[in-house]
Amino acid sequence: MIDIVVQALVNGLVSGTLLAVPAIGFTAMFAVLRFPNFAVSGIATLGAFAGYLAYGAGLQMAGSLVVAFVVAGAAGLLFDEVAHLPMVKQGALPAAIASIASGLVLENLVRLGFGNDPRGYDRPIARDIRLGDIRVSPQQLETMGLALALMLAVFAILAFTRIGKAMRASADNPDLASLKGIRPERIAMIASFAGMGLVGVGGMLLGLDSAIDPLTGTRILLSIFAAAVLGGLGSVPGAVLGAFLIGMAEELSVLAVGSQYRAAVGFVAILAMLTLRPRGLLGERAY
Amino acid sequence: MPSYLLFIATIGGIYGLLALSLNLIWGGAGMVNLGLAGFFAVGAYASGLLTTAGQVPIVAGWMAALVAGGFAGLIVTLSTTRLRQDYLAIVTLGFAEVVRLVAANEIWLTRGTDGISGIPGPWKSALGQNFNSVYFLIVVAALVVVFLVVRRIDRSPYGRALRAIREDAQVAQVAGKPVLRFKTEAFTLSAAIAGLAGALYGHFTSYIAPDLFLPLITVYIFLAVASGGTGRPAGALLGAYLVMTLLESSRFFVEWIPGTTAVQRAALKELLIAVALILVLRLKPSGVLPERIPPAPRPATGASS
Amino acid sequence: MTKTFRIGRRAALAGGVAALASPAVVRAQADPIKLATLTPLTGAGGPYGPVMAKAAASVVEEVNKAGGVNGRRVVLVSEDDQTNPEAGVRAARKLIDVDKVSAIMGTWASSVTTAVAPLCWESKTFLCTVSGADSITLLPHQGYLVRTQPNSKLQVMRVGEFMLSLGVKKVFTMIPQTPFTQSTFDTLNAVLPKGGATHQSLIYDDKKTTYRTEVDQALRASPDLLLAGGYTPDSVVLLKDLYRAGFKGKVVGFAYSINQKLVDQVGQNEIVEGVYTFAPSSAEGSTAYDKVKAAVGSANPDPYTCQVYDHASMVLMAMAIAKDSSGTAIKDNIRKVTQGGGKTVDNAVDGIKAIAAGEKIDYTGASGPCDFDEKGDILDCKFRYEQIKAGKFTVVKIA
């Protein structure tokens, strides 16, 4: 029994790493823009399809990820500028509701172009490597490596670059930040672009090993939210921690209550967290 | 054609109940419920199960749906009323998903994805062809009752307190309003109305299944409330029929777009709804019937009326 | 509706003197007969519905070219049920009340069929379905329903017998929650022990993007055969994860999910090498089947497509026999078309001609013999077993 639990934890670690990428994007946008952007569902799908087209057109993996990032980021920025941000002034809720509609728009645009059939990246699949009783897939290691590299890059940018510092300052205290000459509109645009870019890349990474269709993003929406809420909405390290926990909890739930209730794990985690420690494990700080 | 219109009008009335439910908390207290479809389902299942497996009278089933919906609402708000509204949005979204999972998997109770068929309609066999007309009147009656209740709340001191919470919960708190209790009560009542709508739906179509309660219904209702005018029950009701009209008429006109496959036409329809919601929120946030804030009663001072 | 009116007027003008003599009769003849498909164009059934609608349209087109039915043109209305009973009910209402169709064909998801069926029998509209859930033909449909899909119990019984014929001892079923999940378990638990095999099972969430943990759980039982009971998207993921885990046993799946699309999506032949598929057999090699191939432009149309082709053909021929196009006429006459001996026909055009010539006919369609019992279930159905070899489906047997 122990070996299957360990194996489940390893599987959860892998899926948690992939989940962390869109979760970082979501939580970073929340930190700066102050509304939960439900359009992540549609953007993740869009990113997955953009990467799919790029990969099919002969680009390497890294190049395809860049395409996914840029397309998703640009779409995210467009929707934020046109549909969400003008409404934030009236409060977070109208913007959140508009973002649900935006997600639906993107999902159906993808459906218009590609239909409902699932598609797979044309990527060779290898047998797993066995380390004792535990097995891991070489490709998942590769995808996991890409996700980890991306996360490190995000942390480095937030910690060391001028833009990163400005974003943190703006998230912590927008008024103070603008006094210091940081232009909030600009920070908002960067957050929209980079945050949704990460969500798009996340959609592609999660689709790499399985298949993608217009509902790809919708399926992971609740897990992304759960990861962000668990770590504390707006906290980037929190989102990473939350994603690992959700990833592992989802796999363990398969052993405990059966796979059919996996989607409920995120909900239960959110509810428990909000009841016991509403600010999340690491608190609502951007960094 | 008339019976088709009657059918649409009845479903529109049920959407109207959902819109009133959402308007009570969104327009009233500035709370949001992205799990409307979940509460709709809870009510539908409560009544559907009790009247088929449980053999209770239909009216008792409807009462049970009210209670079950309200109870689910109470549970969901208890953990989130203290928090920012964005959390409630996320929790309710998850709630609807979990309701669907339970309905699909707990076969001993809900008959799983088979769904529950043969839900009795009131006097159905006696009415025959007239059932749809009578049922439409029942839905209208339910609408009127709920409408009067929510309008009464809207115009009462209680409603003003809710609106104060919507505008600024902290100020309301300072002003001595029991914000937490008010929010919980409003949400519970709203969820109960959604539950009743679910029961009315189940007894009308005679069939419910997990697939009926997809999140898309929630989007329809948000469009209804936003377009009709948040904060005004009549607006919500009008909005529900606007959405129903849009949904059904789009069925007719997408057929005329040349060179599209059926999948594309279906995608266009959903696209249309989503774009409409964004446009309404962006361009006409107050809706067709904007909110009227009734003036607070002033002490009569003789001259002024 | 404008369209109907225009055609009506044109026909009336062309009719000239005859129109003046008996306008009512001519108007009736000019009014087209209306039929509908209600298939999933979006949602889980999205991959199947569009082709199904196309197959029905091809039958209608051919019949119209040959002069229609009872001297009237046939119009096919296609609606989307979104694989969702609520949308299905609304669409069916529109078809019944606005279009006034005599028959609705092709409902796919069992939940949609169960929801739509009461509307049909209450309005005396005939319903042809491809849904397999056992409960459907047990509804009080008063004869207004037939299905061309064998019910799930019969299907699973045959698949169980097939597994035993492969000489396996330990069977494991991985399946999402569907209307036939429980019936699959019950049937296999009854059939397999009779042949000396054990059966274990696991229900999975069909929305997941990886099934590593589920596969681990299944493989702990060290099965020598795994039944993959899902739909195409989740089966793609499942088969990849089985391959990664190094599963060496046999895999059996339903052909509606393990199809050419799945092989293309997996994109790597060794992953699906040796996988067995199982389906109610289409009448492959028959001319009806060839017609479906040509109509939908596919080398191996799925069984649903074949079944909807048969729905349209049977309904039109039943109208021809009845010399009436109402739903009740279809109900009362459909078995005169499909069974009881007579000249074997495999398409509606020939059938209608034979009927006009006063011959007795027995339709054998693209999906099979199409004979129904009094509940609307098909009486006899051949099953087709295939195996994937080097990315191609090769027939093991049809029995």
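In this predicted model, β13(C) is joined to strand β14 (residues 392–398) of chain C by six bridges, and the two strands run antiparallel. Across this pairing, C:Ile388 has C:Phe393 of β14(C) as its bridge partner. Two residues lie between the strands of the hairpin. C:Ala390 takes a positive phi there, near 50°.

C:Cys370 is found in the loop between β12 (361–363) and β13 (383–389) of chain C. Its phi is positive, at about 55°, although C:Cys370 is not a glycine. The residue is also buried: 28 other C-beta atoms lie within 10 Å of C:Cys370, and the cut-off for burial is 20 or more.

Chain C also holds an open sheet. Five strands form it, in the order β2-β1-β3-β4-β5. The pairing is parallel. The edges are taken by β2 (74–80) and β5 (145–147) of chain C. Each has a single partner strand, so one side of each is left without a neighbour in the sheet. Neighbouring strands of this sheet are turned by 20° against each other on average, direction ignored.

Within the sheet, strand β3 (residues 103–107) of chain C pairs with strand β4 (residues 126–129) of chain C. The sense is parallel, and the pairing extends over four bridges. One residue pair can be named here: C:Ile104 has C:Leu127 of β4(C) as its bridge partner.

Helices lie across these strands. Helix α6 (residues 110–122) of chain C lies across β1 (33–39), β3, β4 and β5 of chain C. Its direction is at about 175° to β3(C). Helix α15 (residues 327–338) of chain C lies across β3, β4 and β5 of chain C. The angle of α15(C) to β4(C) is about 55°.

Another helix of chain C has a buried side. In helix α13 (residues 287–296) of chain C, the residues C:Ala288, C:Tyr289, C:Lys291, C:Val292, C:Ala295 and C:Val296 are buried. They cover an arc of only 155° around the axis, which puts them on the same side of α13(C). An α-helix has 3.6 residues a turn, so residues three or four places apart point the same way. The buried residues of α13(C) pack against α4 (49–65) and α14 (303–322) of chain C. Just after α13(C) comes C:Gly297, with a positive phi of about 65°.

Taken as a whole, chain C has 16 helices and 14 strands. The C-alpha atoms of chain C fill a box of roughly 80 × 40 × 40 Å along the principal axes. Of the 399 residues in chain C, 58% are buried. Contacts between residues at least 6 apart in sequence were also examined in chain C; 66% of them join residues at least 24 apart.

Chain B has 13 helices and two strands. Its radius of gyration is 20 Å, close to the 19 Å that the globule rule gives for 305 residues, so chain B is as compact as a globular protein of that length. Its C-alpha atoms fill a box of roughly 60 × 50 × 40 Å, taken along the principal axes. Buried residues account for 57% of the 305 residues of chain B. Of the contacts in chain B with a separation of 6 or more, 79% are between residues 24 or more positions apart.

B:Arg111 takes a phi of about 60° although it is not a glycine. The residue lies in the loop between α5 (107–110) and β1 (116–117) of chain B. B:Arg111 counts as buried, with 23 C-beta neighbours inside 10 Å.

Chain B touches chain A. The contact involves 32 residues of chain B and 37 residues of chain A. On the chain B side, α4 (85–105), α11 (216–228) and α13 (262–283) each supply at least two residues. The residues of chain B that touch chain A divide into 21 nonpolar, seven polar and four charged.

Technical notes. Residues are numbered from 1 along each chain as its sequence is written. Chains are lettered from A and ligands numbered from 1 in the order in which they are written. This is a predicted model: local features need pLDDT of at least 70, side-chain atom pairs count only at pLDDT 80 or more; totals for chains, interfaces and linings use all residues. The radius of gyration is taken over C-alpha atoms; the globule rule is 2.2 Å times the number of residues to the power 0.38. A residue is buried if 20 or more other C-beta atoms lie within 10 Å of its own, exposed if 12 or fewer, and partly exposed in between; C-beta atoms are placed from the backbone. Two residues are in contact if their C-beta atoms, placed from the backbone, lie within 7 Å. Ala, Val, Leu, Ile, Met, Phe, Trp, Tyr, Cys and Pro count as nonpolar, Asp, Glu, Lys and Arg as charged, and the others, Gly among them, as polar. The arc is that of the directions from the helix axis to the C-beta atoms. Two strands pair if DSSP finds at least two bridges between them. Axes are lines fitted to C-alpha atoms, for helices over the stretch in contact, and angles run from 0 to 180 degrees between N-to-C directions.
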